Amino acid sequence: MHKNYVIDEMISAKSIAARVEALAKDISEHFAGTDKLVVVGLLRGSFIFIADLVRELDLPVEVDFLEASSYGNSTESSREVRILKDLRGEIEGRDVLVVEDIVDTGHTLHHVLHLLEARNPARLMTCALLDKPSRRETGVKADYIGFEIPDEFVVGYGIDYAQRNRNLPYIGSVRFTS
Ligand code: PRP
C-alpha cells in the first residue's frame, strides 16, 4: 500500500535539459577524438538521462546497459550489490562512461566500478545526474555531476517511488502527507 504523498518540483525539465547539454559538452571535450566510447547506463533509473545525454554528445558512441540491485540489510553500510543484467559487449581497451541517475550511499557505483575496472577499459569515467553527498557511505564520487541535492526523497526523470513516477519530466521531492 502506497502512503499518501505529494510531489513538489525540485528541478524543472528546462533546468535538466540545460544541465544535460552542458554535461554533454564537457564529456565530448574530454573524450574528443575517441572512436571507442561505450556509454553504460545503470538500469533502471538512468534510462531517461542516458537517452537525453547521448543525443547531446558530439562523439561516436555505443550504448550498453547494466542492471544492479542493492539490498539493504540490518547494517546498511555493508549493503550487498548484485548484478542482475551484465553488459552485452566487451569493454577491454574501450573508453567507458558509466551513467547513473543518482548517487546516494555510493554502494552501487562503487561495486559497478570495481567490476568494470577488472575488465581493463582504457578509460573509465562516471556521470551522475544527481548527487546526494550527505548520504555517502563509500569514497566514490562521480566525475561529472548534474546537480548536488539535499537528502530528500526524489522522483522523476527515471527515478521511482515504488516503481511509479519514473515518467515525470522533472525531478520532484516527495512529501508524505500520511
Ligand atoms: C537506485 C539508483 C542508483 C542507486 C543509488 O537504484 O538508480 O542506481 O539506487 O543508490 P546507492 O548510491 O545508495 O547505491 P535502485 O536500486 O533503486 O534501482 P532502479 O535504478 O532500478 O530504480
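Student: At what angle do the axes of α1 and α2 cross?

Tutor: Axes are lines fitted to C-alpha atoms, for helices over the stretch in contact, with angles from 0 to 180 degrees between N-to-C directions. Here the two axes come within 8 Å and cross at roughly 55°. The pair is therefore oblique, the class left over once angles under 35 degrees (roughly parallel), over 145 (roughly antiparallel) and 65 to 115 (roughly perpendicular) are set aside. This is a predicted model: local features need pLDDT of at least 70 and side-chain atom pairs 80 or more, while totals for chains, interfaces and linings use all residues. Residues are numbered from 1 along each chain as its sequence is written, and side-chain values use heavy atoms, without hydrogens and water.

Student: Which residues of α1 meet α2?

Tutor: Contact means heavy atoms within 4.5 Å. From α1, V20, E21, L23, A24, I27 and S28 meet F49, D52, L53 and E56 in α2.

Student: Which residues of α1 are buried?

Tutor: An α-helix has 3.6 residues a turn, so residues three or four places apart point the same way. Buried means under 20% relative accessible area, exposed over 50%, and partly exposed in between (1.4 Å probe, protein chains only). In α1, I16, V20, L23, A24, I27 and S28 are buried. Seen down the helix axis, these buried residues fall within an arc of 135° (taken from the directions from the axis to the C-beta atoms), so they line one face of α1. On the other side, K14, K25 and E29 are exposed.

Methods
Helix = DSSP H or I, 4+ residues; strand = E, 2+ residues; numbered from the N terminus.
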